[in-house]
Amino acid sequence: MHRPAQRDQRDQCEQRRPLEQREEPARRPSRLHRVALVCAAAVPVMLVASGCSSDSGSGGDAQKEAAAPSSAQPSQSASEKAVQEAAYATLPGPCDVLAKKTLADLVPKANKSGKAGASNESGTRGSCSWDSLDNNGVKGSQFRWLNVSLLRFDSDAARGEGNQLAQEYYAKQVKDAQAVEGAKNAKTEPVSGTGDEATAVRYDLKKKEGSFKQQTVVTRIENVVVTLDYNGAGLAGEKTPDAADLTKAAEKAAKETVAAVIAANQGDGKASESAQPSKEASKSASPSKSASKPASGSASKSASPSASASKKD
């Protein structure tokens with residue numbers, strides 16, 4: 001009852017006001033209009049959510065692609081295993097490396113065929129020795145002993161390149177020759193024009209049979225190491241040979257052996273002319289101070305004559 005009366009009273013007051021002062025009643029938005037506004041406000045929210053979801057998905061794919069290894073790039077282990085192929089793939093027969101004339105000069109009374117060392121790896125290592133006893137009766141005798149050893153190193157992923165392995169073994173052979181027990185008047189000097197590097201070690205060695213003059217020439221040509229031992233002695237009162245002459249003969253034999261290694265690898269594309277040592281490299285060759293694990297027994301241990309040769313005295 002009170003509410004309609006109050007509403008009528010307000011209407012009457014409103015009618016008494018001038019037309020321009022009357023307040024126009026606020027229009028209420030229709031229900032349809034409100035729904036449209038709510039939908040319009042929701043659309044950007046959905047777009048933003050959709051956009052975030054899309055970016056997140058593409059980022060995840062990119063991360064997966066970045067984490068996946070590329071098949072186009074070589075693996076690290078494969079690159080580490082790559083080593084340069086060794087220059088020389090074979091060795092000559094150790095008993096065939098020296099000419100008959102050379103053998104006649106160094107070991108005149110020896111069996112020219114030589115005595116080959118036992119080895120099951122003819123393409124990797126080999127040795128041959130000759131001994132000569134020139135018996136002059138009551139005047140005594142001249143003894144000579146010659147041994148040639150060859151050792152070839154292949155390139156290996158675990159151990160390294162053949163050249164490097166040969167350099168290490170070359171240094172060890174020189175060091176072993178310098179450290180022979182009982183050696184006197186030792187002298188070491190580089191040898192020019194023989195392989196990539198070459199060293200001659202000479203010394204005197206006193207034995208019960210007499211005084212021996214020992215020469216050891218160690219030569220490296222690429223991945224092959226040649227160790228040539230040559231000694232001589234005047235026995236039973238015979239004159240002791242001159243050390244300089246023996247050294248010169250040993251160096252000549254070492255050069256001949258290097259030439260035999262090169263010849264054995266020519267043809268079949270096993271070694272090119274560029275693999276031959278340069279004169280500059282040979283002239284500058286000097287013994288290295290580095291050492292490595294031995295690949296075979298030291299050739300310098302063979303400085304003394306064989307038991308059979310000693311019996312001939």
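Colleague: Where is the place of C95 in this predicted model, and is C95 buried or exposed?
Modeller: In this predicted model, C95 is placed in the loop between α3 (76-81) and α4. Buried means under 20% relative accessible area. C95 is therefore buried, at a relative accessible area of 16%.

Colleague: How many Å separate the C-alpha atoms of C95 and S127?
Modeller: Leaving out residues up to four places away in sequence, C95 touches S113, G114, K115, A116, C128 and W130. Along the chain, C95 and S127 are 32 residues apart. Their C-alpha atoms are separated by 7.3 Å.

Colleague: Which element gives the most residues to the largest nonpolar core?
Modeller: This core has 33 residues, of which L98, W130, L146, V148 and Y230 touch the most other members. Elements that give two or more residues to the core include β2 (125-135), β3 (141-152) and α6 (243-265). With 9 residues, the element that gives the most is α6.

Colleague: Is the aromatic pair of F143 and F212 stacked or edge-to-face?
Modeller: The structure holds 2 aromatic pairs. In the pair of F143 and F212, the ring centres are 6.1 Å apart and the planes stand at 85 degrees. Planes over 60 degrees apart count as edge-to-face. The pair is therefore edge-to-face.

Colleague: Which parts does the pair of F153 and Y169 tie together?
Modeller: The rings of F153 and Y169 have their centres 5.6 Å apart and their planes at 55 degrees, so this pair is tilted. F153 is buried at a relative accessible area of 6%, and Y169 is buried at 3%. The parts tied together, 16 residues apart in sequence, are the loop between β3 and α5 (162-178), which holds F153, and helix α5, which holds Y169.

Key:
Residues are numbered from 1 along each chain as its sequence is written. This is a predicted model: local features need pLDDT of at least 70, side-chain atom pairs count only at pLDDT 80 or more; totals for chains, interfaces and linings use all residues. Side-chain values use heavy atoms; hydrogens and water are left out. A nonpolar core is a set of buried Ala, Val, Leu, Ile, Met, Phe, Trp, Tyr and Cys residues joined through side-chain atoms within 4.5 Å. Buried means under 20% relative accessible area, exposed over 50%, partly exposed in between (1.4 Å probe, protein chains only). Helices (H or I, at least four residues) and strands (E, at least two) are DSSP runs, numbered from the N terminus. Contact means heavy atoms within 4.5 Å. Rings of Phe, Tyr and Trp (its six-membered ring) pair if their centres lie within 6.5 Å; planes under 30 degrees apart count as stacked, over 60 as edge-to-face and the rest as tilted.
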